[in-house]
Amino acid sequence: MKARIHTIDLAYDDHGMGTPIIFLHAFPLNRTMWRGQIMALLNEQRYRLVALDFRGFGESDTGVGVTTMEQLADDVIGLMDNLGMQQAILCGLSMGGYVSFAAQRKYPQRINGLILADTKPEADNGEVQANREKVALQAETVGTSVIADAQIPRLITEQTRKQHPEVEMLLRRMIEATSAAGLAAASRGMGQRLDSNDVLVSIDCPTLVIVGEQDGITPPTIAQSYAAKIAGAQCVVIPQAGHLSNLEQPELFLEAVRSFLRSAF
Ligand code: MLT
């Protein structure tokens, strides 16, 4: 389905009825990365499960200029308005987590739960920002296959690549299908994001932090330390998973989410 939000068409799925949960994808992927979790939670008949493609990804239009995390948060809230949702639980992985922090900063009253997976509140340092620009230029000049080659080893473990080649294939398909302009705009936007450490103390809704044991981008030490700054947050480390813990260990990820949702909602 598509909704016209802030002058662009955003693609999304909307399944089930009950407590709303909005799934926010990682960079440079799209909403299909959440398919397994959504189908499993749908069976419980307790939740309204929405996943969107951020602008510039999947089947959504690409906007104009840099895609900031604040713009993506505005789009999420715009979609909630369009769907008649006053509040929702946000479940964001990595860039989806950066967007969740931006939404928590600007629209705290619209969020009644957070699942923050493989993400971090810190802004990029100068070196990482320079690399964001390099990735953006590479996408614009060479295309997204090169980005897939470079990103995949960062996103999943060597073990996942060997034992689950279907996960690598899925990632490659998602990355190669992303528009170069959309990918570049979000890469630059991530480089400009604010530090969200000040937001952590303002979070007063039930929060679950999840991290892959071998996540090299947002390692467990980072997850445990920022979770400790959020009142009442739980932190679950998923064994034998890298950065994309929901795709690498879908059962364990789901178990963590299920038990959090059952206890908090
Ligand atoms: C992601 O998975 O969304 C990205 O790896 C985030 C990042 O590069 O900081």
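## Second largest pocket

α3 gives the most to the lining of the second largest pocket, contributing 5 residues. The model is a predicted one, in which local features need pLDDT of at least 70 and side-chain atom pairs count only at pLDDT 80 or more, while totals for chains, interfaces and linings use all residues. Residues are numbered from 1 along each chain as its sequence is written, and side-chain values use heavy atoms, with hydrogens and water left out.

The search for pockets runs on a 1 Å grid over the protein atoms alone; a pocket is an open set of points where a 1.4 Å probe fits, with protein on both sides within 12 Å along at least five of seven lines, and a lining residue has an atom within 4 Å of a point. For the second largest pocket the lining amounts to 16 residues, and Met69, Glu70, Ala102, Arg193 and Leu194 lie nearest its centre. At least two lining residues come from each of α2 (69-82) and α3. The space in this pocket is about 220 Å³, where a volume is the space filled by probe spheres set on the points, and points are joined across faces, edges and corners.

By class, its lining has 6 nonpolar, 4 polar and 6 charged residues. Ala, Val, Leu, Ile, Met, Phe, Trp, Tyr, Cys and Pro count as nonpolar, Asp, Glu, Lys and Arg as charged, and the others, Gly among them, as polar.

## Largest pocket

About 440 Å³ of space lies in the largest pocket. Its lining has 23 residues, with Asn131, Arg132, Val135, Gln151 and Arg154 nearest the centre. Two or more of the lining residues come from each of α3 (95-106), α4 (126-141), α5 (144-155) and α8 (180-191). α4 supplies the largest share, 6 residues. The lining divides into 11 nonpolar, 7 polar and 5 charged residues.

## Ligand site

The ligand sits in the largest pocket, meaning that more than half of its atoms lie within 2 Å of the pocket's grid points. Around the ligand are Ala26, Phe27, Ser94, Met95, Tyr98, Arg132, Arg154, Met190, Ile217 and His243, each with a heavy atom within 4 Å of it. This shell has 6 nonpolar, 2 polar and 2 charged residues.

Polar contacts are pairs of N or O atoms within 3.5 Å. A polar side-chain atom of Tyr98 is 2.6 Å from an oxygen atom of the ligand. For Ser94, a side-chain N or O atom lies 2.9 Å from a ligand oxygen, and for Met95 a backbone N or O atom lies 2.9 Å from a ligand oxygen. The protein covers 98% of the 260 Å² of accessible area that the ligand has on its own, by the Shrake-Rupley method with a 1.4 Å probe.

## Backbone features

The peptide bond from Phe27 to Pro28 is cis, with omega near -5°. Pro28 is in the loop between β3 (19-24) and α1 (35-42), and Phe27 is among the residues around the ligand.

His6 has phi near 50°, a positive value in a residue other than glycine. His6 is in the loop between β1 (2-5) and β2 (8-15).

Methods: A polar contact is a pair of N or O atoms within 3.5 Å; within protein, one must be able to donate a hydrogen and the other to accept it, and residues adjacent in sequence count only if both atoms are side-chain atoms. Helices (H or I, at least four residues) and strands (E, at least two) are DSSP runs, numbered from the N terminus.
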